[in-house]
Amino acid sequence: MFVRSFGSAINGISAVTVAVEVNITTGIGMFLVGLPDNAVRESQERIRAAFGNSGFHMTGKKVVVNLSPADIRKEGSAYDLPIAIGILAASGQVTADRLDRYLIMGELSLDGSILPIKGALPIAIRAREEGFQGFILPEQNAREAAVVDRLEVIGVSHLTQVVGFLSGELAIQPLEVDTRAEYAAASTRFDLDFSDVRGQAQVKRALEIAAAGGHNVLMIGPPGSGKTMLARRMPTIMPPMTMREALETTKIHSVAGKLGAKTGLMTSRPFRAPHHLTSQVALVGGGTNPQPGEISLAHNGILFLDELPEFGRGVLEVLRQPLEDKVITVSRAKYSVEYPANFMLIASMNPCPCGYYNHPTKECVCSKGEVFRYLNRISGPMLDRIDMHIEVVPVEFGELARRGEEESSETIRTRVIAARDIQQKRFASLPGLHTNAMMGSRQIREFCPLTPEAEHLLEAAMKRLDLSARAYDRIIKVARTIADLEASQNIAPTHIAEAIQYRSLDRQSWGL
């Protein structure tokens, strides 16, 4: 007997529907075809054990399972459940009348329990797009898939439940989640706050500008000056994600298996802080079974690289292309996948190996050559792609002991949102362009005209600091954001002057 059930394969952060065709004929043995990997091939042993421990039996005839389309590689154990249901339907142990209405995915345990899968959200989106009535999946992934409306999400925990539901003997209520209500309630709820940070008014100002315009930032200062503390509070002053951004971000974390059982839609911007021993593959993605890397997991959020010079030179250089293009394409001999990578880079570093170069009270024990070599671990092209270089100095005792209230994240976020609203209106006719940091040369000429005074000031800075053309563009972008925070239509010389001071590492005297 021939039966067809439906599953799905993940390609990048999208899903492709897979038809699981099961044919039982005279003969013996079970054969899996359709480009399955080892995990899929091993499913037959899990299925046999699950059948025996759940009151079902494996047919003694020849079973051929074809995963169509056959030119797409099928990876992972999530095909256990659609294959098992197909075999039960083809052998008459479950009715096949409703199989064409539901997409089915899940890993089988030997006792028939159903274990969670990766990529439930993009699979659910594909199921709705292709007109399926519902999606049967592990109950641990049900909230994640229930983000998709107009689709019945049936969470199950055991093989017997799936058989009972498809046979009409067991009623399972589809899980429904009020996505917009949950998003509205949690999108501005944070455990951290900028009011926790004492002093550092200049650095807070710079980070506010960075959040308002989506600019990349490098903080340089001695140990204990608050660089990491400030960086971890950056998501609290950024605008809440739009629903589109939240869905896109959740899809990436779903494919990577980073969502918990109680997580539906991600409501906070991601903050990723990989260790400096992270490899290139872990950072950009890929691998034997392609997975999103840290730069994609930081999509629509922040990638924080602490102790930047300690990262391998090759690891840092792979960031150059996604910082410009906001997307990363991973190409290997057997596959090519594209992952979004529109993130803000926040990096921090000590000024020298001992950490106390330019410290107001502690003496640096490094030679000038050591300081120079330490800074040169970061290439010039990489520094050019970082819009703002901020010097962080230690907080004095008086500031630490002061009992006055510091400005809260909510107050700063209000100003950031107002500046982002200005940018949204400015770029309304340009799809894919949302912040000042994303402007190209053409948009800079159109939206960032300089007064003669501002142009003269920038020309003098370019000559004195020997800045590159890319640094020229980034100064103008930062100045445009400073003007937006003041709701100023024109870029004044004061805006250019403030933007120039955020290029600390371009100064010829630094490190000498």
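Helices α10 (243–255) and α18 (409–426) each supply at least two residues to the lining of the second largest pocket. Helices (H or I, at least four residues) and strands (E, at least two) are DSSP runs, numbered from the N terminus. On a 1 Å grid over the protein atoms alone, a pocket is an open set of points where a 1.4 Å probe fits, with protein on both sides within 12 Å along at least five of seven lines; lining residues have an atom within 4 Å of a point. The model is predicted: local features need pLDDT of at least 70, side-chain atom pairs count only at pLDDT 80 or more, and totals for chains, interfaces and linings use all residues. Residues are numbered from 1 along each chain as its sequence is written, and side-chain values use heavy atoms, with hydrogens and water left out.

The second largest pocket has a volume of about 740 Å³. A volume is the space filled by probe spheres set on the grid points, which are joined across faces, edges and corners. This pocket is lined by 30 residues, and Arg244, Glu245, Arg420, His434 and Thr435 are the closest to its centre. Helix α18 gives the most to the lining, with 5 residues. By class, the lining of the second largest pocket holds 12 nonpolar, 11 polar and 7 charged residues. Here Ala, Val, Leu, Ile, Met, Phe, Trp, Tyr, Cys and Pro count as nonpolar, Asp, Glu, Lys and Arg as charged, and the others, Gly among them, as polar.

The largest pocket has a volume of about 960 Å³. Its lining has 37 residues, and those nearest its centre are Ile10, Arg73, Glu75, Asn289 and Pro290. The elements that give two or more residues to this lining are strands β1 (2–11) and β16 (336–340). The largest share, 4 residues, comes from β1. The lining of the largest pocket divides into 17 nonpolar, 11 polar and 9 charged residues.

The protein as a whole has 22 helices and 18 strands. Its C-alpha atoms fill a box of roughly 85 × 50 × 45 Å, taken along the principal axes. Of its 512 residues, 54% are buried. Buried means under 20% relative accessible area, exposed over 50%, and partly exposed in between (1.4 Å probe, protein chains only). The protein exposes about 22500 Å², and carbon and sulfur atoms supply 49% of this area. Accessible areas come from the Shrake-Rupley method with a 1.4 Å probe; for residues, only the protein chains shown count as cover. Contacts were also examined, a contact being heavy atoms within 4.5 Å. Among contacts between residues at least 6 apart in sequence, 74% join residues at least 24 apart.

Two residues illustrate such contacts. Val330 is found in strand β15. Val330 is buried, with a relative accessible area of 3%. Not counting residues up to four places away in sequence, Val330 touches Val284, Gly285, Gly286, Tyr335, Ser336, Val337 and Tyr339. Val330 and Gly286 are 44 residues apart in sequence, yet their C-alpha atoms are 6.1 Å apart in space. Gln200 lies in the loop between α7 (179–186) and α8 (201–213). Gln200 counts as buried, at 10% relative accessibility. Leaving out residues up to four places away in sequence, Gln200 touches Ser225, Leu230, Val392, Val393 and Val395. Gln200 and Ser225 are 25 residues apart along the chain, and 8.9 Å separates their C-alpha atoms.

Several loops contain backbone features of note. A cis peptide bond joins Ser68 and Pro69, with omega about 5°. Pro69 sits in the loop between β4 (62–68) and α3 (80–90). Lys326 has a positive phi of about 65° although it is not a glycine. Lys326 is placed in the loop between α14 (320–325) and β15 (327–331). At 17% relative accessibility, Lys326 counts as buried. Asn358, also a residue other than glycine, has a positive phi near 70°. Asn358 lies in the loop between β17 (344–349) and α15 (368–375).

A search of the whole structure finds 0 disulfides, a disulfide being a pair of cysteine sulfur atoms within 2.5 Å. The closest cysteine sulfur to that of Cys364 belongs to Cys354, and the 3.7 Å between them is too far for a bond. Cys448 is buried, with a relative accessible area of 5%.
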